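Please look over the protein shown here. A short briefing follows, grouped by topic.

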Amino acid sequence: MMRLSTLRHASRCLPSSSAHPPYSGGRVIGFGRRCLPVDDSARSWLVQRATSSKSGRSSEAVLNSERRKRKNYGLGQENILREIVQKTKEEMVILQRDQLSPMLAIIQAGEDDSLLEMNKKMAGKIGLNITQICLPRECTEDEIIEEVLRLNEDPRVHGVYLHLPPASLTSRVLDSLKPNKDVDGATDLNIGRLVRGDETQGFVPPVARAVMELLARHDAPLEGKTVVLVGGEGALGVALQCLMQRGNMLVLNSTSGRLQKQVVQADAVVLLGPHMDVPPSWLRPGAAVIHCSPALTAGTTDGDGLESSSWSEVGPLSAALRMQNVVRSGRRWLQEQQYRPWRLRSLKLQPLSPVPSDIEISRAQTPKPMGQLAEEVGLLPSELEAYGSTKAKVRLSLLDRLQGQPDGKYVLVAGITPTPLGEGKSTVTIGLVQALSAHLKLNSFACLRQPSQGPTFGVKGGAAGGGYAQVIPMEEFNLHLTGDIHAITAANNLVAAAIDARILHEATQSDKALYNRLVPPVNGVRRFSPIQIARLRRLGISETNPSSLTPQEVSSFVRLDLDPSKVTWQRVVDTNDRFLRQITVGQASTEKGHVRQTQFDIAVASEIMAILALTDGLGDMRRRLGCMVVGSSRSGQPITTEDLGVSGALAVLMKDAIKPTLMQTLEGTPVFVHAGPFANIAHGNSSVLADKLALKLVGQDGYVVTEAGFGADIGMEKFFNIKCRASKLQPNVVVLVATVRALKMHGGGPNVSAGSPLPREYTDEVGTGLGAHFLNLFLNLKCRKLSFSITKILK
């Protein structure tokens, strides 16, 4: 295994001490000098055994006997350490097979000491990566927290070790550390989990585990025995007390007036505070004494003159257990990356009669926070970008994480040719996923299009569903949402501005002036940008030095020669502003008479919206944006946004819009909102990315219900002929919405005009005339022939 050492020094970093050179035995990555909480009581350890002095034995004989016992006890500790190291190495091998190398981050204040060297040596023995951050000894609380927060968000770091003075381990510092990276078990959440008896997701302090390992190897089982904790007021004392009580031990906390009496009765004594000891005369024969004091270090002698370095192994033992916590943190992280079963909590509905308006129904329900909904459907916090409390963007990294997860069932909701009032495809979509998730307890996701402000402020209204089957909050769904349509508007109009500016500049400037604008000297040096080099390649020019182009090559490079009468790109606005359907631009005196006719389209009709609906990633979107044709040259050659040099800027403007928006239904089931409406001028379908993300999230037995806009002759046709071919996805079933009102209208009923009251035929349950005759034929002949059971399909 290759060892890599890279040093990263923080500000005011202290120089490395010659007495403690940088550790090179383990893999050290990102050495950035700064340290983790280690309680003073954990800095050195000593285990003793009390013996009784029998009459007739010389003092030397007693000392020799004690040395032999301690030597044997030390050998037992070495066996414990060897077992833990070997077990941790085996866990590391399994993780490395899954392409994961856990990393320990050490935050320290000042120079390395013997305890830190011990931990780094143990990490090297196990094969852990290390990043060491050394802060000045007099670092502030805010400096420590800044580093902790940075490490919290680093996915490469799986454990953080705060090697800091006790005074620096404040509540603010510990609270800032994520519990899943707190390998010392010092945070309130980890201590609370230990007290509650739930250690599966937290970490036990390594010192406490080391003490328990030593007690467990005591030659007399300690179950039912008495243990005295001396100086155990801190988190370490709480952890030890919980572990010992769980091991059926009687735990006594020392009190000043009764300490001698407690020690005399104890089978084991654990000294947690510094400079603590008990007189040997207090100890009963065979009692175990464990010192957890920084005053006792390897190489010191006790009161009997016995060398403790040969058997004081709690320090290395706790270091090994700390490294084991890092490896287990890495394993938990790897498990979190796998598919997670849903734990969806449905929201209760309280239907009223008569049914209130849609907005009243929406506002009467309290939506779940997005973080809660995301966790319920298996999203990781790092995959969510919150936009307030009721909507959030989902990052595309989810596709990489769940790439091996089988897709769920794919359901398409489409409709017959609708009326001007809409016929309820969105309502059916929402109602279906609410039934599947909230009532049948099946994983299901709805994928909807984002409403345009044109229909929202027009007679048709938004596309959030209706009644008790709608997306909430309704007003946020219909207005702005997360700004995707605004991003499309900005990108689209950037292209329009670039077109007119290029036409003007080419008509009024020489080749040299254009070249100076396109390739300006920076500090006296000209350089082509990557997008300009790509244009040179398309022109057949291999030269990359701006000073080496011939005049003819310069002219070919700077002149697109766009024909104003053949510009096909229009400006857009997301409002039904009819007076912008035909406009004249260039009438200002600064435009030097370059006037031309153009128009505004609705924003969702932009080709950029079509690209957003079909793309499968940021790189693919960048390529598609560059291929958009904006017009033709006078010689008939197509001109693209890549030729204009704006495709990179378009991708930047769309970098957030490419992420689907997560919302919820009235019953708290998940919804992806992405891409736009209008199948008559665009695709009219929700995005490929939203469908793919949802198919991974629902799992193999789940359902994704996506919607095709307009009618079956437009939206559904484009779904199959365009979207399915682009995505390589095929639906398992199609739900076709055919309302009575639409059947009446298409069967010869009266016309419907915006703003006028609906004719009686569309408000009464029973129609008359040709519409009723057509409806009767459809219901009695066609529906019987094409009847199917949703229950059978779902099975």
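Is arginine 623 buried, partly exposed or exposed? Arginine 623 counts as partly exposed, at 49% relative accessibility. Buried means under 20% relative accessible area, exposed means over 50%, and partly exposed lies in between (1.4 Å probe, protein chains only). This is a predicted model, in which local features need pLDDT of at least 70 and side-chain atom pairs count only at pLDDT 80 or more, while totals for chains, interfaces and linings use all residues. Residues are numbered from 1 along each chain as its sequence is written, and side-chain values use heavy atoms, with hydrogens and water left out.

**Around arginine 623**

- Arginine 623 sits in helix H21. Helices (H or I, at least four residues) and strands (E, at least two) are DSSP runs, numbered from the N terminus.
- Glutamate 642 is 19 residues from arginine 623 in sequence. In space, the two are 9.1 Å apart, C-alpha to C-alpha.

**Nonpolar cores**

- A nonpolar core is a set of buried Ala, Val, Leu, Ile, Met, Phe, Trp, Tyr and Cys residues joined through side-chain atoms within 4.5 Å.
- The largest nonpolar core has 68 residues. Leu379, Phe445, Ile499, Trp569, Met654, Leu662 and Phe672 touch the most other members.
- Helix H16 (residues 484-508) gives the most to this core, with 9 residues.
- A second, separate core holds 52 residues, including Leu128, Leu214, Ala319 and Val327.
- Isoleucine 499 is in contact (heavy atoms within 4.5 Å) with Leu562, Val567, Trp569, Val630 and Leu644, leaving aside its neighbours within four places in sequence.

**Arginine 502**

- Arginine 502 has its place in helix H16.
- Arginine 502 is buried, with a relative accessible area of 10%.
- Arginine 502 touches Leu518, Phe557, Val558, Arg559, Leu560, Asp643 and Leu644. Residues up to four places away in sequence are not counted.

**Salt bridges**

- The whole structure has 35 salt bridges. A salt bridge is a side-chain nitrogen of Lys or Arg within 4 Å of a carboxyl oxygen of Asp or Glu.
- Glutamate 91 and arginine 331 meet in a salt bridge through their side chains (3.9 Å, N to O). Glutamate 91 lies in helix H1 (residues 59-97) and arginine 331 in helix H9 (residues 314-336), so the pair ties together parts that are 240 residues apart in sequence.
- Glutamate 91 is buried, at a relative accessible area of 12%. Arginine 331 is partly exposed, at 35%.
- Glutamate 153 and lysine 178 also meet in a salt bridge (3.5 Å, N to O). Glutamate 153 is in the loop between helix H3 (141-152) and strand S7 (159-164), and lysine 178 is in the loop between helix H4 (171-176) and helix H5 (188-196), so the pair ties together parts that are 25 residues apart in sequence.
- Glutamate 153 counts as exposed, at 57% relative accessibility. Lysine 178 counts as partly exposed, at 31%.
- Aspartate 484 forms a salt bridge with lysine 393. Their closest N and O atoms are 2.6 Å apart.
- This pair links distant parts of the chain. Aspartate 484 is in helix H16 and lysine 393 is in strand S13 (residues 392-394), 91 residues apart.
- Aspartate 484 is buried, with a relative accessible area of 3%. Lysine 393 counts as buried too, at 0% relative accessibility.
- A network of salt bridges links Glu385, Arg395, Lys655, Asp656 and Lys659.

**Helix pairs**

- Two packed helices are described by the angle between their axes and the distance between the axes. Axes are lines fitted to C-alpha atoms, for helices over the stretch in contact, and angles run from 0 to 180 degrees between N-to-C directions.
- The axes of helix H6 (residues 206-216) and helix H7 (residues 235-246) come within 9 Å and cross at roughly 40°. That makes H6 oblique to H7. Angles under 35 degrees count as roughly parallel, over 145 as roughly antiparallel, 65 to 115 as roughly perpendicular and the rest as oblique.
- Val207, Ala208, Val211, Met212 and Leu215 of H6 make the contact with Leu236, Ala239, Leu240, Leu243 and Met244 of H7.
- The axes of helix H20 (residues 607-614) and helix H21 (residues 618-626) come within 10 Å and cross at roughly 150°. That makes H20 roughly antiparallel to H21.
- Ile608, Ile611 and Leu614 in H20 meet Met621, Arg624 and Leu625 in H21.
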